[in-house]
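Q: I should like to learn how to read a helix and a chain interface in a model. Could we work through an example together?

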Amino acid sequence: MSTDIDILKDVSTEEYKYGFTTDIEMDIAPKGLNEDIVRFISQKKNEPEWLLESRLKALRHFLKLEMPRWQNFELPPIDFQAISYYAAPKKKAKYNSLDEVDPELLATFEKLGIPLSEQKMLSGVAVDAVFDSVSVATTFKTKLKELGVIFCSFSEAVQEHPELVKKYLGTVVPYTDNIFAALNAAVVSDGSFVYIPKGVRCPMELSTYFRINAQNTGQFERTLIIADEGSYVSYLEGCTAPMRDENQLHAAVVELIALDNAEIKYSTVQNWYPGDKEGKGGIYNFVTKRGICKGVNAKISWTQVETGSAITWKYPSVILRGDNSSGEFYSVALTKNKQIADTGTKMYHIGKNTRSRIISKGISAGHGQNSYRGLVQIGSGAENARNFTQCDSLLIGDECGAHTFPYIESKNNTAMVEHEATTSKIGEDQIFYLNQRGIDTEKAVALIVNGYAKEVLNQLPMEFAVEAQKLLAISLEGSVG
Amino acid sequence: MDNTITQISNSLYSQCIADYELRSSSKDTAEPAELSALREKAFQQFKKTGFPSTKVEDWKYTNLTPFLKEEFITEQESDLVAVEESLVEKAMVPGLDSYRVVVVNGVYRPDLSDNIPHEGVYLFPLSAAIGRPAFKKHFGQYTDISRNHFAAVNTALFRDGLFLEIKNNTVLGKPLQVVHLTAADDHTFLQPRHLIVVGTSAAATIIESYVTVDNEASVFINHVSEIVVGENAQLQHYYIQTGNEKARYIHHTEVYQLASSVYNNYKASFPGTSLLRNNLNVALDGENVESHLYGLYLSGGHQLVDNHTIVDHRKPHCQSNELYKGVMKDEATGVFNGKIFVRKDAQKTNAFQQNNNLMLGKKAVIDSKPQLEIFADDVKCSHGSTVGQFNQEAMFYLKSRGIGDEKARALLIHAFAYDVTEKIPIPEVQAHINQLIEEGLKS
Amino acid sequence: MLSIKNLKASVEEKEILKGLNLEVKPGEIHAIMGPNGSGKSTLASVLTGKENYEVTAGEVLFEGKDLLELSPEDRAREGIFLAFQYPVEIPGVSNINFLKTALNEIRAYRKQPPIEAKEFLRLLKEKQKLLEFDTTLANRSLNEGFSGGEKKRNEIFQLAMLEPKLAILDETDSGLDIDALRIVSRGVNKLRSSKNAFIIITHYQRLLDYIVPDYVHVLYNGQIVKSGTKELALELEEKGYDWLKEDAQETTLKPSFQ
């Protein structure tokens, strides 16, 4: 509880403090998207034939697709041929130990608050750091290995555990799912891979930190998490990028697979560069995240705090196939300046007695546009399925917008679905009350917003919750006149 | 044209196109140039978009293919259809002192209607009102034909309907009951068009009932009504929808409200018609406007009932409240889509919306999509949507008091519907609706 | 401590305070009474700097400083505390976190270091005990789901924690049952000292049985029309305000009685 205060004290006047660039020698593929580039990436990564084939299949499909038009914002044209699809620090593609990592790189992550040397690590968090297209370092590997937990970069998994990758890759998000999933399947750069064996409760938080550095590149990582029967894992991801005037594309795919009695908790604190006040620059964060509760009593929980990106466009979803399985989605999305967020979730109830819970808190400030879009689908076999959705929007200033698009589709008469949504403005009387107790308006707004988002922030592991609160406070600076 | 139903639009689509081209080439209409221009614009729109497929977001859950497949007659014969008095009587709200107006296949029938001896009330066939100032001022002004395929084809091709004008400061003492009767020997596509203008500080109650005569032929009715509620005016507006499974209805109701006006819409539909699609759009285009939309849909058999509403807050200090409740029996499908828009200037808006659904049939389906789009900050808006079953504890309580299963269900359904029915201010109408619920549950 | 001279203030162009004068010295308790709409709550709002209240004339000095120049938070930091008539609910913000934030903001303004966690907890316990304040309330979200009485008690609890120089109690007694009223009054009595002062705005004499004021003022039509000691409150209870209204018309013609 005392953390809020420290955070408030910490609130800096910097606009976006992760906006620096790292000067490092890079291997960068020429701009453009074609079969040669895909072959080049695959070759760089020394991939097996089947993976190259699946990349090419996805590319051919991608080239046939058109941009979707149903979203609630104007999508600026993206020139897929003007992007470089591979960028990696030159020194070494794979590191055996931290000593081999370029000190400049280590310093970068240090500066971002992600120390990779294990002595300095937050206890109980293992980190995989991804810099542009490749994974730089994964910590606590040996300790995890003892338990049979596999936590490594995606490229490494392809080499070391091809059978697991082949078995599950693309089973939750096929390349045909949407245009960005197709693109990702074609040009996957790197990402994280997690496998938790039967009955193992992963003793520490697993975390991946994504960093875009190079210019004119996109980041296309793939995360695959498999929780075998009766296992548990809590996984966190964080993201930042330098301030650049042009937009950069981030089109990741995350697939979660929870087998019988397994539980996966996936948390994101997304702070990609949002662009400047006029809306220039910033990351296009177009991500496909989906989990499947394959087995009985499985559970998948998504928590996201979205404060960055010029455009955030994603719907972390859960397919509730196993009987008695449950899905959760907790989200805070903040948009200011000219930021746009069109985000929400999809819960597909297929198994009996499946449960889902959706808590979404949107905050719009400045000229920000914030949309919640959600689907709750009850299949005809989903006896006694239950859903509860609470979806609130908070408006700060009269130039922003809040939009709510929930879809409820029920084909089973024993199911119960409840959706509630409210939209309101930040209370002037609340601000005055706090003013009267000696708290200035900016801190008052930060307090109120953190209180408003508490239900979601509470879902995050401690370190991340602190980070997220800071982010909210910083992001709101200057939003209140 | 990927958003059009290509495979089935052919017959009806090309027929509509042909009708229009034939009509505009014959040039024997005495219609004013403005109306012809509007028709032409609507026609071009329809020609381009045709009938909507499920790829169109507003038709996502309503597949029209099975409802448009017959060969429909589009141009009716002008002979007056004979109507049995008992049918009209049956459609009337029992015991209610009111003015009776009868419309058969979209044609106003003075021979079956009451004379309205009320100063300031003008009731004509629409075709006879084209020269009136109110028609010129309001007709076609509020409906967005670019987004409403059926309104476009109606505008291009309508022949007639009702025109009702209630002059400034006129208070209509008795409700006006309009019985819309449909009777056809052949498969028919009808496109009636209505315009209702309620003047400044005027007040009226209009009860519209829709019934079909039991025939073998299918009828597809594409109704468009435009309603203007003037400053400080009040309009209570009821729709009571019954009919048989040969009937398919599209109602497009466009309401335009000026400052300090009140518009209340009560919509009740019952098992029968195989397709019922209601578009109810209300624009609150003045300060201190109030709008209430109440809906009750009891659906059974293979019925598809689709309610789409738009509440568009354009000016500050307005209030809207929407409550739609649905009961789905058998294999019925219910669709609800409620949009609330709060425009940038509409500060101090209070807008509420609620949709509750009771799923009785094992194969019943509900698709609910409430939607808020807010561009102003000093607002209070909320929506809610639920889909569920009977409260099992309530069921058990009733049974433990000796009430049988069927009776207990009926009691609980009435209780569920009560939130809507209690809002009906006319006791006779309330009783009538309750009676229809009773019958609807048995069918 | 507080000196109000010829204060005039309006809301949406409507003048509510029409030349109000008041002097408050350390150690004093002033009660301000008056019928509905006489300007009692407006006075509280103007003193604390609420938006929408426009001061059109007069001055307010607080310990020699021009109070009207200060922002609401700086007034609070100077030592003015308002116990609100309708305390707002702020979901998700814990009472304790809020209090610690407020306390440290005030300390920072006075160039004091932030309070240490241990010291804060000690203070919390001490004040909870002093005011018989339920510890579970302290841990909940700020006023969220509190009953009317609980909210009022929370206001007094905050008063105890923040130790202001001048406390304004705006209708703190309204909506309280007799037990809650006793607890609240007991708290106030324990908190009064020779260094602080209270302005108690109330509609009823009842509260003044428990918190005995040094002065009672009657506010009517935007002005103080009569001042006296606690006996005046009893007189008001007995006769109501009507007799004052007639009086007031005379007094406004005469020079101010002060």
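Predicted model: local features only at pLDDT ≥ 70, side-chain atom pairs only at ≥ 80, totals over all residues.

Q: How does the span of helix α6 of chain C agree with its 15 residues?

A: The expected span is 1.5 Å times one less than the number of residues. For α6(C), residues 148-162, this gives 21 Å, and the end C-alpha atoms are 21 Å apart, which agrees.

Q: Is α6(C) largely enclosed or largely open?

A: A residue counts as buried if 20 or more other C-beta atoms lie within 10 Å of its own. Eleven of the 15 residues of α6(C) are buried, so the helix is largely enclosed by the rest of the structure. Among them are Lys151(C), Arg153(C), Ile156(C), Phe157(C) and Leu159(C).

Q: Which elements do the buried residues of α6(C) pack against?

A: Their partners in chain C are the strands β6 (80-83) and β9 (166-170), together with the helices α3 (95-109), α4 (117-130), α5 (135-139) and α7 (178-191).

Q: How many residues of chain B are in contact with chain A?

A: There are 31 residues of chain B in contact with 30 residues of chain A. On the chain B side, β19 (365-374) and β20 (379-388) each supply at least two residues. By class, that side has 13 nonpolar, ten polar and eight charged residues.

Q: How does strand β23 of chain A join β20(B)?

A: Eight bridges join β23 (residues 416-425) of chain A to β20(B), and the two strands run antiparallel. Within this pairing, His419(A) has Ser385(B) as its bridge partner.

Note on methods:
Residues numbered from 1 in each chain as written. Chains lettered and ligands numbered in written order. Helix = DSSP H or I, 4+ residues; strand = E, 2+ residues; numbered from the N terminus. Buried ≥ 20, exposed ≤ 12 C-beta atoms within 10 Å, placed from the backbone. Contact = placed C-beta atoms within 7 Å. Nonpolar A, V, L, I, M, F, W, Y, C, P; charged D, E, K, R; others polar. Pairing = 2+ DSSP bridges.
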